Amino acid sequence: MYLYNSATHKKEEFKTHTPGRVEMYTCGPTVYHFAHIGNLRSYIMEDVLEKYLRFAGYDVNRVMNITDVGHLSSDADTGEDKMLKGAKRENKTVMDIAKFYTDAFFDDCRKLNIKTPDVVQPATGCIGEYIQIISKLVETGYAYLAGGNVYFDSSKLERYYIFNDHDEDDLAVGVREGVEEDSNKRNKNDFVLWFTKSKFEDQALKWDSPWGVGYPGWHIECSGISMKYNGEYLDLHCGGVDNAFPHHTNEIAQSESYLGHPWCPHWFHVHHLNDPAGKMSKSKGEFLTVSLLEEKGYDPLAYRWFCLQSHYRKTLVFSWENLDNAAAAYTKLLNRVAALKPEGDVDQAVFGEYREKFLQQVGNDLNTSMAVTAVFDALKAKTNDGTKLAIIGEFDKVLSMSLLEKAAALREKAAQAVQSGGGDYVVTGEGDPEIDAKVLARYEAKKAKNFAEADRIRDELKAQGIEVTDVKGGASWKRV
Ligand code: AMP
Ligand code: ZN
């Protein structure tokens, strides 16, 4: 696979420390609020990357943290504590907030077919590991104590900024305006490893440490959790583009200083989903969630489809119109897959040829829009329906759009409606489930007020020489 690497600023052949095995780490959510659909864009693209690597034959160990402590509202260690802010907002404890929003995050992931990583570790569960790393950094002179806190000394490094080809705007996220200077820091880029003195007197979670009772800074959790579950050599580190600086820069600084050798060669950053008014952000108050999409009648997978249509290294602009287009395209695709008859032996030569092409095309810097095109190409393949369905099912191991399941459900629904004669909408015709499914899909589209799709299906049926007549409680069709 060829993958862009933000650490070297170029597209490279992806290689791993141990051949055939990928140690992969993902920065998880800060669980003080619901995830917005921008956050979920990052998790969708990381999910596709993981699934592609498995599809390409790698054994993947994917680890993710849950930030339930230490993340202040400015990524540069100042501002409010995000978890405390959430707890105050809802009049609950920090632990309650963390549990509630962790569960909510995984509910959203399930709806979007995002696989749960092999290891999910809340930051509060690895305090011993952080203390061990920080102790060594203090011993070896990479960290110092000042004003009761422990800081990483960035001046000890030969090289600090390694992701600095990112947009000014993205870099500025870490150093937001209006944040007060921390006079304990010796250098501008130093960052907190352990707090014992913070302005948050009411900090709920504190642990004993060699430097006094306190809590870890935000960055140390990802180094500690990754080293615990991925080992000393990480192959691939993922996150949204705003994580690149200062979070990932600081992770590299502390991990390599601790380990004494290079830590992670490959960095994968997903660019942002913006709304037309600008950046999407949880701290802005109002934001778009998966639940809101559902309330408005969208299948969350239509949002996944929307994300897959564009490249992860391009900013994506959200609008309802764009989502409507993606939803219509997804419905149309499902109808086309439902129209395939699950019949005919799989032609292994055709299957292999399509699989190989998909592997090559998508393996070019995770080209998901090519993956989408590949599904349409498979529908048009010169082969039997059984082979087409096998190819689409294979591609869906990476895309995770539930193509076969949803298409089978559509087919089943149509068949049942015909047989039972007692459902809410009964289709009667000349006994062809493919046509029944289309007639039903037209009805479903009308019900969902997707008139363009309903008209498209009507025209398609017409072109096939099918005449549909609306009758009481359903529809009847015949060939003319
Ligand atoms: P947070 O919960 O704020 O720690 O963020 C969770 C993940 O979402 C991180 O990987 C962020 O980099 C990523 N992220 C934040 N905002 C966006 C956005 N607008 N679009 C895409 N990813 C984002
Ligand atoms: Zn992280």
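What is the volume of the second largest pocket? The second largest pocket has a volume of about 680 Å³, where a pocket is an open set of points on a 1 Å grid over the protein atoms alone, reached by a 1.4 Å probe, with protein on both sides within 12 Å along at least five of seven lines.

This is a predicted model, in which local features need pLDDT of at least 70 and side-chain atom pairs pLDDT 80 or more, while totals for linings use all residues. Residues are numbered from 1 along each chain, and ligands are numbered from 1 in the order in which they are written.

The lining of this pocket (residues with an atom within 4 Å of a point) comprises 23 residues, and G297, A327, T331, A448 and N450 lie nearest the centre. Helix α10 (320-338), a DSSP run of H or I with at least four residues, gives the most to the lining, with 8 residues. By class, the lining has 11 nonpolar, 5 polar and 7 charged residues, with Asp, Glu, Lys and Arg counted as charged and Gly among the polar ones.

C27 lies in the loop between β3 (21-26) and α1 (37-55) and C222 in helix α6 (residues 219-230), so the pair ties together parts 195 residues apart in sequence.

| Residue | Relative accessibility and class |
|---|---|
| C27 | 6%, buried |
| C222 | 0%, buried |

Notes:
Heavy atoms only, no water. Points joined across faces, edges and corners; volume = space filled by probe spheres on them. Helix = DSSP H or I, 4+ residues; strand = E, 2+ residues; numbered from the N terminus. Buried < 20%, exposed > 50% of the residue type's maximum accessible area, 1.4 Å probe, protein only.
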